[in-house]
Amino acid sequence: MWKKLYIYKVGKKFQSLIAHLCKKGMVDIMRKIGVLTSGGDAPGMNAAIRAVTRTALAKGMTVVGVLKGFNGLIHGDIIDLDVRSVSDIIQKGGTMLYTARCNEFRFKEGLQKGKETCLKEGIEGLVVIGGDGSFRGAADLSITQRIPCVGIPATIDNDIAMTEYTIGYDTAMNTAMSMIDKLRDTAQSHDRCSVVEVMGRHAGHIAVNTGIACGATHIITEEMPTPLEEVIERIQNTHTTGKHHFIVVVSEGHGDAKEIANEIEAKTGIESRATVLGHVQRGGYPTVRDRVAASQMGHYAVELLEQGKANRVIGFQKGKLVDYNIKTALTMKKTFDEELYRIAMTISF
Ligand code: F6P
(Lines give C-alpha, C1' and ligand atoms only; values in the text may rest on other atoms or scores of the structure.)
Protein backbone atom coordinates (compact mmCIF):
# COMPACT_ATOMS: atom_id res chain seq x y z
CA MET A 1 0.00 0.00 0.00
CA TRP A 2 3.02 2.25 0.26
CA LYS A 3 3.68 1.84 -3.41
CA LYS A 4 4.02 5.12 -5.25
CA LEU A 5 3.70 7.61 -2.45
CA TYR A 6 4.96 10.85 -3.85
CA ILE A 7 7.06 13.14 -1.80
CA TYR A 8 5.67 16.41 -3.07
CA LYS A 9 2.16 15.46 -2.01
CA VAL A 10 3.08 15.24 1.66
CA GLY A 11 3.85 18.14 3.94
CA LYS A 12 7.47 19.17 4.37
CA LYS A 13 7.65 17.78 7.91
CA PHE A 14 6.92 14.28 6.57
CA GLN A 15 9.52 14.41 3.88
CA SER A 16 12.41 13.26 6.06
CA LEU A 17 10.27 10.46 7.44
CA ILE A 18 9.42 9.38 3.91
CA ALA A 19 13.07 9.61 2.91
CA HIS A 20 13.89 7.33 5.85
CA LEU A 21 11.14 4.84 4.90
CA CYS A 22 12.35 5.03 1.37
CA LYS A 23 15.86 4.03 2.38
CA LYS A 24 14.40 1.05 4.24
CA GLY A 25 12.60 0.06 1.04
CA MET A 26 9.15 0.60 2.57
CA VAL A 27 8.17 3.43 0.25
CA ASP A 28 8.60 3.46 -3.49
CA ILE A 29 8.86 6.94 -4.97
CA MET A 30 10.25 8.21 -8.24
CA ARG A 31 13.32 10.05 -6.93
CA LYS A 32 15.44 10.60 -9.96
CA ILE A 33 14.59 10.90 -13.63
CA GLY A 34 16.60 11.42 -16.78
CA VAL A 35 15.76 13.30 -19.94
CA LEU A 36 17.25 12.95 -23.40
CA THR A 37 16.70 14.17 -26.94
CA SER A 38 17.09 11.73 -29.79
CA GLY A 39 16.86 11.66 -33.61
CA GLY A 40 16.74 14.86 -35.66
CA ASP A 41 16.66 18.06 -33.63
CA ALA A 42 13.45 20.07 -33.67
CA PRO A 43 12.80 23.63 -32.47
CA GLY A 44 11.07 23.39 -29.10
CA MET A 45 13.14 20.49 -27.76
CA ASN A 46 14.79 22.88 -25.31
CA ALA A 47 11.42 24.08 -24.08
CA ALA A 48 10.48 20.44 -23.44
CA ILE A 49 13.73 19.77 -21.54
CA ARG A 50 13.03 22.84 -19.42
CA ALA A 51 9.46 21.74 -18.67
CA VAL A 52 10.53 18.21 -17.73
CA THR A 53 13.30 19.50 -15.48
CA ARG A 54 11.28 22.18 -13.73
CA THR A 55 8.23 19.93 -13.24
CA ALA A 56 10.34 17.15 -11.76
CA LEU A 57 12.20 19.55 -9.47
CA ALA A 58 8.88 20.99 -8.30
CA LYS A 59 7.85 17.47 -7.35
CA GLY A 60 11.00 16.93 -5.29
CA MET A 61 12.75 14.74 -7.84
CA THR A 62 16.37 14.96 -8.97
CA VAL A 63 16.93 15.37 -12.71
CA VAL A 64 19.78 14.45 -15.01
CA GLY A 65 20.28 15.11 -18.70
CA VAL A 66 21.57 12.31 -20.93
CA LEU A 67 23.79 13.69 -23.70
CA LYS A 68 23.53 12.74 -27.39
CA GLY A 69 20.41 10.60 -27.13
CA PHE A 70 20.72 6.91 -26.36
CA ASN A 71 24.48 7.10 -27.03
CA GLY A 72 24.80 9.01 -23.78
CA LEU A 73 22.90 6.30 -21.98
CA ILE A 74 25.20 3.63 -23.38
CA HIS A 75 28.37 5.55 -22.54
CA GLY A 76 27.26 7.13 -19.26
CA ASP A 77 27.34 10.69 -20.61
CA ILE A 78 25.18 12.29 -17.95
CA ILE A 79 24.90 15.82 -16.54
CA ASP A 80 23.03 17.11 -13.51
CA LEU A 81 20.18 19.47 -14.26
CA ASP A 82 19.09 22.00 -11.70
CA VAL A 83 16.67 24.85 -11.94
CA ARG A 84 19.26 27.19 -13.48
CA SER A 85 20.69 24.65 -15.94
CA VAL A 86 17.55 25.11 -18.01
CA SER A 87 17.40 28.91 -17.78
CA ASP A 88 17.52 30.93 -20.98
CA ILE A 89 16.83 27.99 -23.30
CA ILE A 90 13.07 28.18 -23.92
CA GLN A 91 13.61 30.50 -26.90
CA LYS A 92 16.49 28.57 -28.47
CA GLY A 93 16.38 26.08 -31.33
CA GLY A 94 18.45 22.89 -31.30
CA THR A 95 18.88 20.97 -28.07
CA MET A 96 21.13 21.74 -25.10
CA LEU A 97 21.47 17.97 -24.55
CA TYR A 98 22.67 17.33 -28.12
CA THR A 99 21.06 14.59 -30.14
CA ALA A 100 21.96 11.60 -32.27
CA ARG A 101 20.53 8.55 -33.96
CA CYS A 102 21.86 5.46 -32.17
CA ASN A 103 22.00 2.18 -34.02
CA GLU A 104 23.54 0.32 -31.07
CA PHE A 105 20.40 0.87 -29.04
CA ARG A 106 18.42 -1.31 -31.44
CA PHE A 107 20.21 -4.36 -30.05
CA LYS A 108 20.09 -6.19 -26.73
CA GLU A 109 23.67 -5.31 -25.79
CA GLY A 110 23.05 -1.58 -26.25
CA LEU A 111 19.84 -1.75 -24.25
CA GLN A 112 21.59 -3.60 -21.43
CA LYS A 113 24.34 -0.98 -21.32
CA GLY A 114 21.62 1.66 -21.13
CA LYS A 115 20.01 -0.11 -18.22
CA GLU A 116 23.37 -0.42 -16.43
CA THR A 117 23.86 3.35 -16.71
CA CYS A 118 20.38 3.93 -15.29
CA LEU A 119 21.09 1.61 -12.36
CA LYS A 120 24.52 3.13 -11.73
CA GLU A 121 23.16 6.70 -11.86
CA GLY A 122 19.98 5.88 -9.94
CA ILE A 123 17.80 6.94 -12.88
CA GLU A 124 14.35 5.49 -12.18
CA GLY A 125 12.47 6.92 -15.14
CA LEU A 126 13.37 8.46 -18.46
CA VAL A 127 11.74 11.05 -20.71
CA VAL A 128 12.66 10.50 -24.36
CA ILE A 129 12.09 13.49 -26.63
CA GLY A 130 12.23 12.55 -30.31
CA GLY A 131 10.53 10.82 -33.23
CA ASP A 132 9.25 7.31 -33.79
CA GLY A 133 12.75 5.79 -34.09
CA SER A 134 13.49 7.12 -30.61
CA PHE A 135 10.24 5.68 -29.28
CA ARG A 136 11.24 2.19 -30.37
CA GLY A 137 14.27 2.51 -28.08
CA ALA A 138 12.08 3.88 -25.28
CA ALA A 139 9.62 0.97 -25.62
CA ASP A 140 12.43 -1.60 -25.59
CA LEU A 141 14.03 0.00 -22.55
CA SER A 142 10.68 0.01 -20.76
CA ILE A 143 9.62 -3.51 -21.69
CA THR A 144 12.82 -5.55 -21.84
CA GLN A 145 14.95 -3.65 -19.31
CA ARG A 146 12.23 -2.44 -16.94
CA ILE A 147 13.31 1.20 -17.04
CA PRO A 148 10.07 3.22 -17.26
CA CYS A 149 10.13 5.56 -20.25
CA VAL A 150 7.75 8.21 -21.52
CA GLY A 151 8.10 9.60 -25.04
CA ILE A 152 7.46 13.17 -26.15
CA PRO A 153 6.99 13.54 -29.93
CA ALA A 154 9.40 16.07 -31.41
CA THR A 155 10.03 16.14 -35.12
CA ILE A 156 9.49 18.78 -37.76
CA ASP A 157 7.82 16.13 -39.97
CA ASN A 158 4.65 15.76 -37.83
CA ASP A 159 4.60 12.14 -38.98
CA ILE A 160 3.68 10.43 -35.71
CA ALA A 161 0.21 8.94 -36.03
CA MET A 162 -1.01 8.98 -32.43
CA THR A 163 -0.68 12.75 -32.18
CA GLU A 164 -2.01 15.55 -34.30
CA TYR A 165 1.00 17.65 -33.39
CA THR A 166 4.74 17.16 -32.90
CA ILE A 167 7.16 19.68 -31.42
CA GLY A 168 9.04 21.62 -34.10
CA TYR A 169 6.43 21.30 -36.85
CA ASP A 170 5.04 24.81 -36.56
CA THR A 171 8.45 26.48 -36.45
CA ALA A 172 9.67 24.47 -39.44
CA MET A 173 6.59 25.40 -41.46
CA ASN A 174 6.95 29.08 -40.59
CA THR A 175 10.63 28.99 -41.52
CA ALA A 176 9.83 27.32 -44.84
CA MET A 177 7.01 29.79 -45.48
CA SER A 178 9.23 32.80 -44.93
CA MET A 179 11.92 31.33 -47.22
CA ILE A 180 9.38 30.61 -49.97
CA ASP A 181 7.98 34.16 -49.63
CA LYS A 182 11.50 35.43 -50.35
CA LEU A 183 11.82 33.13 -53.35
CA ARG A 184 8.48 34.43 -54.59
CA ASP A 185 9.89 38.00 -54.61
CA THR A 186 12.66 36.99 -56.95
CA ALA A 187 10.42 34.71 -59.05
CA GLN A 188 8.00 37.62 -59.46
CA SER A 189 10.77 40.06 -60.42
CA HIS A 190 12.08 37.74 -63.15
CA ASP A 191 8.83 36.09 -64.30
CA ARG A 192 10.26 32.77 -63.23
CA CYS A 193 9.11 29.48 -61.75
CA SER A 194 10.66 28.60 -58.41
CA VAL A 195 10.69 24.92 -57.50
CA VAL A 196 11.24 24.51 -53.77
CA GLU A 197 11.99 21.29 -51.95
CA VAL A 198 10.85 21.13 -48.33
CA MET A 199 11.61 18.47 -45.70
CA GLY A 200 9.19 15.92 -44.27
CA ARG A 201 10.91 12.56 -44.81
CA HIS A 202 8.02 10.47 -46.23
CA ALA A 203 5.31 12.85 -45.11
CA GLY A 204 3.89 15.74 -47.12
CA HIS A 205 2.46 17.73 -44.18
CA ILE A 206 5.06 20.51 -44.40
CA ALA A 207 4.67 20.60 -48.19
CA VAL A 208 0.89 20.93 -48.26
CA ASN A 209 0.75 23.53 -45.49
CA THR A 210 3.56 25.72 -46.81
CA GLY A 211 2.23 25.21 -50.33
CA ILE A 212 -1.19 26.56 -49.47
CA ALA A 213 0.28 29.33 -47.29
CA CYS A 214 2.56 30.51 -50.08
CA GLY A 215 0.08 30.17 -52.93
CA ALA A 216 2.03 27.43 -54.70
CA THR A 217 0.72 26.61 -58.17
CA HIS A 218 1.42 22.95 -57.48
CA ILE A 219 2.38 20.78 -54.52
CA ILE A 220 4.04 17.41 -55.04
CA THR A 221 3.87 14.89 -52.17
CA GLU A 222 4.00 11.12 -51.68
CA GLU A 223 0.38 11.06 -50.52
CA MET A 224 -0.94 12.87 -53.61
CA PRO A 225 1.42 11.76 -56.38
CA THR A 226 1.15 13.93 -59.49
CA PRO A 227 2.78 13.17 -62.84
CA LEU A 228 5.10 16.01 -63.86
CA GLU A 229 3.05 16.47 -67.06
CA GLU A 230 0.10 17.53 -64.90
CA VAL A 231 2.23 20.05 -63.03
CA ILE A 232 3.47 21.46 -66.33
CA GLU A 233 -0.04 21.58 -67.80
CA ARG A 234 -1.27 23.50 -64.77
CA ILE A 235 1.55 26.02 -65.10
CA GLN A 236 0.82 26.44 -68.81
CA ASN A 237 -2.92 26.92 -68.19
CA THR A 238 -2.25 29.42 -65.44
CA HIS A 239 0.24 31.25 -67.68
CA THR A 240 -2.49 31.84 -70.23
CA THR A 241 -4.58 33.64 -67.57
CA GLY A 242 -1.84 36.24 -67.14
CA LYS A 243 0.22 34.75 -64.32
CA HIS A 244 3.94 35.10 -64.89
CA HIS A 245 5.62 33.69 -61.80
CA PHE A 246 5.08 30.33 -60.18
CA ILE A 247 5.94 28.41 -57.06
CA VAL A 248 6.04 24.61 -57.04
CA VAL A 249 6.54 22.99 -53.64
CA VAL A 250 7.93 19.47 -53.66
CA SER A 251 8.24 17.25 -50.62
CA GLU A 252 11.71 15.70 -50.29
CA GLY A 253 12.15 12.36 -51.96
CA HIS A 254 9.38 12.96 -54.51
CA GLY A 255 11.38 14.27 -57.37
CA ASP A 256 14.61 16.15 -57.75
CA ALA A 257 13.88 19.91 -57.57
CA LYS A 258 16.57 20.68 -60.16
CA GLU A 259 15.28 18.09 -62.62
CA ILE A 260 11.71 19.31 -62.14
CA ALA A 261 12.79 22.92 -62.73
CA ASN A 262 14.72 21.93 -65.88
CA GLU A 263 11.74 20.02 -67.20
CA ILE A 264 9.35 22.91 -66.53
CA GLU A 265 11.68 25.32 -68.29
CA ALA A 266 12.12 22.97 -71.26
CA LYS A 267 8.37 22.36 -71.70
CA THR A 268 6.98 25.83 -70.93
CA GLY A 269 9.82 28.17 -71.84
CA ILE A 270 9.43 29.77 -68.40
CA GLU A 271 12.80 30.29 -66.79
CA SER A 272 12.94 28.07 -63.71
CA ARG A 273 15.15 27.74 -60.65
CA ALA A 274 15.42 25.07 -57.95
CA THR A 275 15.99 25.58 -54.23
CA VAL A 276 16.40 22.88 -51.60
CA LEU A 277 15.58 24.44 -48.23
CA GLY A 278 17.20 21.63 -46.24
CA HIS A 279 18.27 21.88 -42.62
CA VAL A 280 17.49 25.56 -42.27
CA GLN A 281 13.97 24.24 -41.51
CA ARG A 282 15.23 22.49 -38.39
CA GLY A 283 16.78 25.54 -36.75
CA GLY A 284 15.69 28.82 -35.31
CA TYR A 285 13.66 30.19 -32.45
CA PRO A 286 10.61 28.04 -31.75
CA THR A 287 7.19 29.60 -32.33
CA VAL A 288 4.65 30.17 -29.58
CA ARG A 289 2.86 26.99 -30.57
CA ASP A 290 6.01 24.89 -30.25
CA ARG A 291 7.03 26.41 -26.92
CA VAL A 292 3.58 25.91 -25.43
CA ALA A 293 3.14 22.35 -26.75
CA ALA A 294 6.63 21.45 -25.51
CA SER A 295 5.89 22.88 -22.08
CA GLN A 296 2.59 21.01 -21.80
CA MET A 297 4.07 17.72 -22.96
CA GLY A 298 7.15 18.03 -20.74
CA HIS A 299 4.95 18.64 -17.71
CA TYR A 300 2.64 15.74 -18.57
CA ALA A 301 5.54 13.33 -19.13
CA VAL A 302 6.77 13.82 -15.57
CA GLU A 303 3.24 13.35 -14.23
CA LEU A 304 3.01 10.01 -16.03
CA LEU A 305 6.33 8.82 -14.61
CA GLU A 306 5.26 9.98 -11.18
CA GLN A 307 2.10 7.89 -11.52
CA GLY A 308 4.27 4.85 -12.17
CA LYS A 309 3.41 4.70 -15.89
CA ALA A 310 5.92 3.21 -18.33
CA ASN A 311 6.15 2.67 -22.07
CA ARG A 312 3.85 5.61 -22.82
CA VAL A 313 3.98 8.26 -25.52
CA ILE A 314 2.24 11.59 -25.23
CA GLY A 315 0.29 13.37 -27.92
CA PHE A 316 -2.48 15.79 -28.70
CA GLN A 317 -5.87 14.71 -29.95
CA LYS A 318 -8.57 17.30 -30.56
CA GLY A 319 -6.22 19.71 -28.81
CA LYS A 320 -6.14 17.66 -25.57
CA LEU A 321 -3.20 15.79 -24.12
CA VAL A 322 -3.43 12.00 -24.41
CA ASP A 323 -1.04 9.11 -23.86
CA TYR A 324 -0.72 5.73 -25.50
CA ASN A 325 1.24 2.54 -25.11
CA ILE A 326 4.29 3.14 -27.33
CA LYS A 327 4.04 -0.18 -29.18
CA THR A 328 0.38 0.50 -29.98
CA ALA A 329 1.21 4.04 -31.08
CA LEU A 330 3.89 2.77 -33.45
CA THR A 331 1.37 0.58 -35.29
CA MET A 332 -0.96 3.52 -36.00
CA LYS A 333 -1.11 5.14 -39.45
CA LYS A 334 -1.01 8.89 -39.93
CA THR A 335 -3.63 10.36 -42.20
CA PHE A 336 -2.90 13.05 -44.75
CA ASP A 337 -5.15 16.09 -45.04
CA GLU A 338 -6.39 15.49 -48.58
CA GLU A 339 -9.06 18.14 -48.19
CA LEU A 340 -6.38 20.76 -47.50
CA TYR A 341 -4.55 19.60 -50.61
CA ARG A 342 -7.73 19.91 -52.69
CA ILE A 343 -8.33 23.42 -51.35
CA ALA A 344 -4.77 24.39 -52.31
CA MET A 345 -5.30 23.05 -55.81
CA THR A 346 -8.61 24.88 -56.12
CA ILE A 347 -7.42 28.31 -55.12
CA SER A 348 -3.85 28.52 -56.40
CA PHE A 349 -3.82 29.27 -60.09
O1 F6P B 1 13.01 13.91 -39.40
C2 F6P B 1 13.46 15.22 -39.59
C3 F6P B 1 14.23 15.34 -40.86
O4 F6P B 1 14.68 16.67 -40.99
C5 F6P B 1 13.49 14.91 -42.13
O6 F6P B 1 12.59 15.87 -42.59
C7 F6P B 1 14.64 14.63 -43.05
O8 F6P B 1 14.27 13.67 -44.01
C9 F6P B 1 15.69 14.07 -42.14
O10 F6P B 1 15.36 14.49 -40.82
C11 F6P B 1 17.10 14.52 -42.44
O12 F6P B 1 17.95 13.82 -41.61
P13 F6P B 1 19.47 14.26 -41.34
O14 F6P B 1 19.44 15.44 -40.42
O15 F6P B 1 20.07 13.06 -40.70
O16 F6P B 1 20.05 14.63 -42.66
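**Core and overall build of a predicted model**

Q: Which residues is isoleucine 152 in contact with, leaving aside its neighbours within four places in sequence?
A: This is a predicted model, in which local features need pLDDT of at least 70, side-chain atom pairs count only at pLDDT 80 or more, and totals for chains, interfaces and linings use all residues. Residues are numbered from 1 along each chain as its sequence is written, and side-chain values use heavy atoms, with hydrogens and water left out. Contact means heavy atoms within 4.5 Å. On that basis the partners of isoleucine 152 are Val52, Val127, Val128, Ile129, Gly130, Phe135, Ile167, Met297, Gly298, Ala301 and Ile314.

Q: Which residues touch the most other members of the largest nonpolar core?
A: A nonpolar core is a set of buried Ala, Val, Leu, Ile, Met, Phe, Trp, Tyr and Cys residues joined through side-chain atoms within 4.5 Å; buried means under 20% relative accessible area (1.4 Å probe, protein chains only). The largest such core has 59 residues, and those touching the most other members are Ile33, Ile129 and Ile152.

Q: Which helix gives the most to this core?
A: Helices are DSSP runs of H or I with at least four residues, and strands are E runs of at least two, numbered from the N terminus. The protein has twelve helices and eleven strands. With eight residues, the main contributor is helix H10 (residues 288-306).

Q: What percentage of the 349 residues in the protein is buried?
A: The C-alpha atoms fill a box of roughly 80 × 35 × 30 Å along the principal axes. Within the protein, the buried share of the 349 residues is 52%.

Key: Buried means under 20% relative accessible area, exposed over 50%, partly exposed in between (1.4 Å probe, protein chains only).
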